[in-house]
Amino acid sequence: MKLAIVTLTKGGLATAEKVKRNIDTTVDIYTKDKFQGTLKSFVGVLFKEYKNILFIMATGIVVRVISPYIKDKTRDPAIMVMDEQGRFVISLLSGHLGGANAYTEKIAKGIGAIPVITTASDVLGLISIDMLAKRLNCKMESLKKAKEITADIVNGKRVGICTDIPLDIPDYNNIKIVGTESINNFDSIIYITNKIIDNTHSRSIQLTLKNIVVGVGCRRGIKGEDMIHGIKALFDEIGLKIESIKKLSSVDIKKDEQGILQASEHFRVPVEFIDRTEIRMIEENFDVSEFVRRTIGVGGVSEPCGYISSHNGRCLMKKRKFQGFTLSVWEERLNE
């Protein structure tokens, strides 16, 4: 991701250019002559345009100019602060979810500076829930719960992880991979799954895996609300969290189909449109319709599209017919 560097002095500019030469990312440097208005108002512009901002100036100045724009850790950019001589780099804001801690380490390594990171879990070399969710591409159930259970980890309480995917974690004394039958032996539990959990530990958080692809076939003019309702009903039936949807998938000829686009917008996931030549190569592995073939040139849509988009994944629900559309559900195959 792009990095914005903001500095006020000639010495700061020299240090900014040094950072730019020694980091493998696009860097935009802003000095006084490039500000639009005051520094504080210009920072408001940067908050909208950049996910990573490095200030080479006094920490007190930075705290004052960013304070009007701070929202929450899920939306704020990563903010780092460096002294003019480039001796120290401080992770100031959005250390975990925003990536400031990782960026601080990266910048420090590039120019030989000392990284300053005060997040407890990082200092102790422990797992934090928000970083675990980010690394695994999961949806966190609750920021409040994430803070509570990260505190359990830092404070040495027994934390169990119930996971549906292989998980390689360091060998901590108080953090263990466990089965559901053992959860009562732990102070808190982290569930890593795409499933709806009925009976959870009294102190727990779910990290929902975003690894489900929904294959979609439909006739022209289908209503988005009907498709949304159908997807929700199907997920309830097979016990999947709706937050586990990673993408929708359909045939290229449906790129302008409003029902599909509306469903994509509702669930806040992209749609992957598969070229018909790619579908023809595998459609013999699925049920086909000659009527569909005569209409759009391939014999099936929802199943072959879901299969392709999930990288030859596991079928959780074969083609289900609704009024005017079909759906299939696929679990993305893990990378080998």
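# Reading the sheets and loops of a predicted model

User: What share of the contacts with a separation of 6 or more comes from residues 24 or more positions apart?

Analyst: A contact means heavy atoms within 4.5 Å. In this protein, 59% of the contacts with a separation of 6 or more are between residues 24 or more positions apart. This is a predicted model, in which local features need pLDDT of at least 70 and side-chain atom pairs count only at pLDDT 80 or more, while totals for chains, interfaces and linings use all residues. Residues are numbered from 1 along each chain as its sequence is written, and side-chain values use heavy atoms, with hydrogens and water left out.

User: How many helices and strands does the protein have?

Analyst: Helices (H or I, at least four residues) and strands (E, at least two) are DSSP runs, numbered from the N terminus. Here there are twelve helices and 16 strands. The C-alpha trace spans about 70 × 55 × 35 Å along its principal axes.

User: What percentage of the residues is buried?

Analyst: Buried means under 20% relative accessible area, exposed over 50%, and partly exposed in between (1.4 Å probe, protein chains only). Of the 336 residues, 49% count as buried. Helix α2 (residues 39-49) gives a local case: L39, F42, V43, G44, L46 and F47 are buried there. The buried residues of α2 pack against β1 (3-7), β2 (27-30), β3 (52-56), α3 (59-66) and β4 (78-82).

User: In what order do the six strands of the open sheet stand?

Analyst: Two strands pair if DSSP finds at least two bridges between them. The order is β2-β1-β3-β4-β5-β6, with mixed pairing. β2 and β6 (114-116) each have a single partner strand and stand at the edges, so one side of each has no neighbour in the sheet. From one strand to the next, the twist averages 20°. Inside this sheet, β4 and β5 (residues 88-93) run antiparallel and are joined by four bridges; the partner of I79 in β5 is L93.

User: Which strands lie at the edges of the five-stranded sheet?

Analyst: That open sheet has the order β14-β13-β12-β16-β15, again with mixed pairing. Its edge strands are β14 and β15, each pairing on one side only. The twist averages 20° from one strand to the next. Seven bridges join β12 (residues 212-218) to β16 (residues 325-331), and the two run antiparallel. I212 stands opposite E331 in β16.

User: At what angle does helix α8 run to β16?

Analyst: Axes are lines fitted to C-alpha atoms, for helices over the stretch in contact, and angles run from 0 to 180 degrees between N-to-C directions. Helix α8 (residues 224-238) packs on the sheet, touching β12, β13 (245-251), β15 and β16, and its direction makes about 45° with that of β16. Helix α9 lies across β12, β13 and β14, at about 175° to β13.

User: Which loop holds R268, and what is its phi?

Analyst: Most residues other than glycine have a negative phi. R268 has a positive value, near 60°, and lies in the loop between α9 (258-267) and β14 (271-274). R268 is exposed, with a relative accessible area of 78%.

User: Where is H311, and is it exposed, partly exposed or buried?

Analyst: H311 sits in the loop between α12 (302-309) and β15 (314-322). Its phi is positive at about 60°, although H311 is not a glycine. H311 is partly exposed, at 42% relative accessible area.
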